[in-house]
Structure formats: structure tokens, C-alpha cells
Amino acid sequence: VQLQASGGGLVQAGGFLRLSCAASGRTFSSYVMGWFRQAPGKEREFVAVITQRGFSVRYADSVKGRFTISRDNVKNTVYLQMNSLKPEDTAVYYCAAGTSYSLGAGQYDYWGQGTQVTVSS
């Protein structure tokens, strides 16, 4: 499966963005989908994950209550709604597809190219 992330940009603190990740192929609904992010000089970290049908989701503590992951298996797209953005949310955001409901980046088989999110103070 090929993944294409979009929706990043520059926003002021307290603002919002919605990231999208469009997947090619007819097997999107068979994959667990995750969002990760990587800030300059830091390791890639888990942000959110959603199961194949969207029945279960999980978030990093740092984004819980502010970010929402969702998916549309008809449109082959996973979303990350990001509200109340903070400067520390600044990073390149990546979507990923895998077969395990996991918080570990190593468990994901396919990755999008990343989209830059910059939050100014």
C-alpha cells in the first residue's frame, strides 16, 4: 500500500489542523493505521493509532484530549484532527500502515512521506 500524507502547515498556538493520509490499493481496511511525528533532533514518536474498522483508538499522553484519529474505509483515508496546538507539536507527521495494533514504529510496514506541522507561539 502507498500512503500520501497532506494537510500540514503553519499555525499559531491554540489553532487547529487536520491531517489526511490517502492510501492506494484495495486493502486499506485490512490495516491498522498510525500517526507518528518526528521533531528536529528527536526520535520518531507515536501519536495515535486506530484499528481496521475504527473501533479502537489510542493516543500518546501528550496529545490526548486534543487530537482525534479517524478513518474512512470507503475513501481509503485516515485523518488526524489536531486542536489546541502547541509549539511542542511542531514536527514532521507521518502516517503508517501495519497489521499490529501497536505504538511501536517498528511494527508498521508502510509509511507516508510526512507532512510538516509548525506551531508558532
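Select Ser-84 to begin. At 41% relative accessibility, Ser-84 counts as partly exposed. Here buried means under 20% relative accessible area, exposed over 50%, and partly exposed in between, with a 1.4 Å probe and protein chains only. Ser-84 sits in the loop between β8 and β9. Check its backbone: phi is near 50°, a positive value in a residue other than glycine. Most residues other than glycine have a negative phi.

A word on the model before moving on. This is a predicted model, in which local features need pLDDT of at least 70, side-chain atom pairs count only at pLDDT 80 or more, and totals for chains, interfaces and linings use all residues. Residues are numbered from 1 along each chain as its sequence is written, and side-chain values use heavy atoms, leaving out hydrogens and water.

**Asn-76**

Go next to Asn-76. It lies in the loop between β7 and β8. Asn-76 also has a positive phi, near 55°, and is not a glycine. Is Asn-76 buried or exposed? Asn-76 is buried, at 16% relative accessibility.

**The whole chain**

Zoom out and color by secondary structure. The protein chain has 11 strands and zero helices. Helices (H or I, at least four residues) and strands (E, at least two) are DSSP runs, numbered from the N terminus. The radius of gyration is 13 Å, close to the 14 Å that the globule rule gives for 121 residues, so the chain is as compact as a globular protein of that length. That radius is taken over C-alpha atoms, and the rule is 2.2 Å times the number of residues to the power 0.38. Along the principal axes, the C-alpha atoms fill a box of roughly 40 × 25 × 25 Å.

Now show the surface. The protein chain exposes about 6,300 Å², with carbon and sulfur atoms supplying 47% of it. These areas come from the Shrake-Rupley method with a 1.4 Å probe. Buried residues make up 44% of the 121 residues.

The mean positions of the 12 positive and 7 negative charges are 7 Å apart. Lys and Arg count as positive, Asp and Glu as negative; His and the chain ends are not counted. Each charge is placed at NZ of Lys, CZ of Arg, CG of Asp or CD of Glu.

**The core**

Hide the surface and select Met-33, Trp-35, Leu-80, Met-82 and Tyr-93. These residues have the most contacts inside the largest nonpolar core, which has 36 residues. Such a core is a set of buried Ala, Val, Leu, Ile, Met, Phe, Trp, Tyr and Cys residues joined through side-chain atoms within 4.5 Å. Strands supplying at least two residues each include β1 (3–6), β4 (32–38), β8 (77–82) and β9 (91–98). In soluble globular proteins, nonpolar side chains tend to be buried together.

**Strand β3**

Select Leu-19, in strand β3. Leu-19 is buried, at 0% relative accessibility. Which residues does Leu-19 touch, not counting those up to four places away in sequence? Among them are Trp-35, Leu-80, Met-82, Tyr-93 and Val-117. Contact means heavy atoms within 4.5 Å.

Ser-20 is buried, with a relative accessible area of 18%. Leaving aside neighbours within four places in sequence, its contacts include Gln-4, Ala-5, Trp-35, Thr-77 and Tyr-79.

**Gln-2**

Move to Gln-2, in the segment before β1. Gln-2 is exposed, with a relative accessible area of 61%. Beyond four places in sequence, Gln-2 touches Ala-22, Ala-23 and Ser-24. Where is Ala-23 relative to Gln-2? The two are 21 residues apart along the chain, and their C-alpha atoms are separated by 5.5 Å.

**Ala-39**

Finish at Ala-39, in the loop between β4 and β5. Ala-39 touches Thr-90 and Ala-91, not counting residues up to four places away in sequence. Ala-39 and Tyr-93 are 54 residues apart in sequence and 8.8 Å apart in space, C-alpha to C-alpha. Across the chain, residues 24 or more positions apart account for 56% of the contacts with a separation of 6 or more.
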